[in-house]
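These are my notebook entries on a structure that was new to me. I set down what I looked up, in the order in which I looked.

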Amino acid sequence: MRRILILLFALCAGSSAAQTLDLRFTPVVDGISGVVDITHAGDGSGRLFLAQRGGNIRIWNGITVQSPAFLSLADSLTRPLQGEQGLLGLVFAPDYASSGRFYVNYTDTTGSTRISRFRVSATDPDLADPNSEEVLLSISQPFANHNGGQLAFGPDGMLYIATGDGGSGGDPLDLAQNRSSLLGKLLRIDVSPATGYVIPPDNPFVSDPGARPEVWAFGLRNPWRFAFDSANGDLYIADVGQDTFEEINLVQAGTPAGLNFGWRIFEGNLCFSGNCNTPGLTPPTFQYGQPGGRAVIGGRVYRGSSYPRMQGVYFLADFLSGNLWGMRGDGAVTQYISAPNFNSPISGVQTFGADEVGNVYLSVGSQILLLSDGEPVASAIPIGPGITGAWFDPAQSGHGIFLEVLDPTANFPHPRLLAWWFTFDPAGNQAWFGGTGPIEGDRAIVDVVQTRGGRWIPNFDPSQVVNDTWGTLQFRFDSCSSGTVEFSSAIGGFGSGSMSLTRLTLPSTLTCP
């Protein structure tokens, strides 16, 4: 398996027993640059949505990056992009499967931050309706940098929005401490109405005439990614520092709203400007300076099931140094994982993301990397093979039934496909298949070995399996039977056994010619 890095991390805190993570970063998507947000729709499809700073939202279906884009906002963005402008955030409504609503954060043609709601196309789940945009918030930006950009729904169902302090350096307009400004804040709004939004009545400053009611927390410089822990509701906010410290603020679930994280009075725990005796400031939970790095990239809490030792770890990185940390929050006990001398392999991390089953991903250069503890588990990547067509080919001996299936295994340098089988109802015929590599470009012919319940697992010769790109497989049946076809797969490496990956039923019935 191709790897970007393999590194052992010691996980220690106080008298806690040492625990070792064999962290690995495996490319799952290649050739897509500028990805600043990685998320899913929560609709059970297993798709990842990749938001590119240049304005496109692309779908990775577990096999390929689909074309055309799910949504293109290229014509709506500031041109040319400067500083930290562009498409910066994407999130799907918790009820997206039924409502089709999702939200984006981008800088418009005037340079202002725009929070907009869109809907999916009524006819194609892989396309958004570009004419459905409803602008919920527009925030003027005095400078091109420090736009924040993250969007996330909290466990309370409210939409949280991170904004930077307006840019330049040192917050010259003192906007982060100004509660009448929406800049340098974490905002919280209720987007459940059919149009517009309402202010949650328990927002901390709804009764303060000198504050914007959308403000939930303030005193942030440029929060580049925040994340809720899906297991307990804890909130991690990564705030990019000025010159000295990068910081992580951990807000445990149940903490009263209205926190002041201190910028520009403090940078980390260092007095920066103004009255550093100001009461009520919330210090960072974790901070680092050089040589650790100078641009923190906030991550995600791992809540998948494939890597138990990663359970509950919040991962973060530094854009410039390539250093990586993991952090746990458990009451008053915080544990850290550090990589103090680790540089080039993952420098340039742009963002983290997660899929529906809790796997954590990173965007680095033109790749999306899967984070794993040890060798990636095949079933950890939610790849559902997509059947693109079914037909008969009477030119083959007998009656050949061909199913063109997107191959979710061909991206590995060694074959991981052990067997494919199809069940015909109501006859219940079953067949196992083996493949020998590609023919006709990206196609491989896979012959039926036995039918009517016979099972045969072929012997693979690695030298014969040379297709290392996503492609298609053709399956031929030597008998003709009408009925619904159910597709299943089992995968695994040599000597590692097999595991069920997915089960998908064709939406139509095959009829013999």
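I began with the surroundings of Asp 43. Leaving out residues up to four places away in sequence, I found that Asp 43 touches Tyr 96, Ala 97 and Glu 356, a contact being heavy atoms within 4.5 Å. The model is a predicted one, in which local features need pLDDT of at least 70, side-chain atom pairs count only at pLDDT 80 or more, and totals for chains, interfaces and linings use all residues. Residues are numbered from 1 along each chain as its sequence is written, and side-chain values use heavy atoms, with hydrogens and water left out.

I placed Asp 43 in the loop between β3 and β4. Strands here are DSSP runs (E, at least two residues), numbered from the N terminus. Asp 43 is partly exposed, at 26% relative accessibility; with a 1.4 Å probe and protein chains only, buried means under 20% relative accessible area, exposed over 50%, and partly exposed in between. The C-alpha atoms of Asp 43 and Ser 98 are 8.7 Å apart in space, although 55 residues separate the two in sequence. I also noted a polar contact of 2.8 Å between the side chains of Asp 43 and Ser 45. Such a contact is a pair of N or O atoms within 3.5 Å; within protein, one must be able to donate a hydrogen and the other to accept it, and residues adjacent in sequence count only if both atoms are side-chain atoms.

Next I searched for salt bridges, that is, a side-chain nitrogen of Lys or Arg within 4 Å of a carboxyl oxygen of Asp or Glu. The whole structure holds 15 of them. One joins Asp 22 to Arg 24 at 2.6 Å, N to O, and both of these residues are buried.

Which residue forms a salt bridge with Arg 47? The partner is Asp 126, with the closest N and O atoms 2.7 Å apart. Arg 47 lies in the loop between β3 (35-39) and β4 (48-52), and Asp 126 in the loop between β9 (113-120) and β10 (128-139), so this pair ties together parts that are 79 residues apart in sequence. Arg 47 is buried at 8% relative accessible area, whereas Asp 126 is partly exposed at 23%.

I then recorded the salt bridge between Asp 243 and Arg 294, at 3.7 Å, N to O. It links the loop between β16 (235-239) and β17 (246-251) with the loop between β20 (286-288) and β21 (296-297), and therefore ties together parts 51 residues apart in sequence. Asp 243 is partly exposed at 45%, as is Arg 294 at 38%. Returning to Asp 43, I saw that salt bridges with shared partners join Asp 43, Arg 47 and Asp 126 into one network.

I turned to the nonpolar cores, each a set of buried Ala, Val, Leu, Ile, Met, Phe, Trp, Tyr and Cys residues joined through side-chain atoms within 4.5 Å. The largest has 35 residues, of which Ile 248, Phe 315, Leu 316 and Phe 352 touch the most other members. Strand β22 (residues 314-318) gives the most to this core, with four residues. Another core, of 21 residues, lies apart from it and includes Leu 175 and Phe 218. Beyond its neighbours within four places in sequence, Phe 352 has contacts that include Ile 38, Phe 315 and Leu 362.
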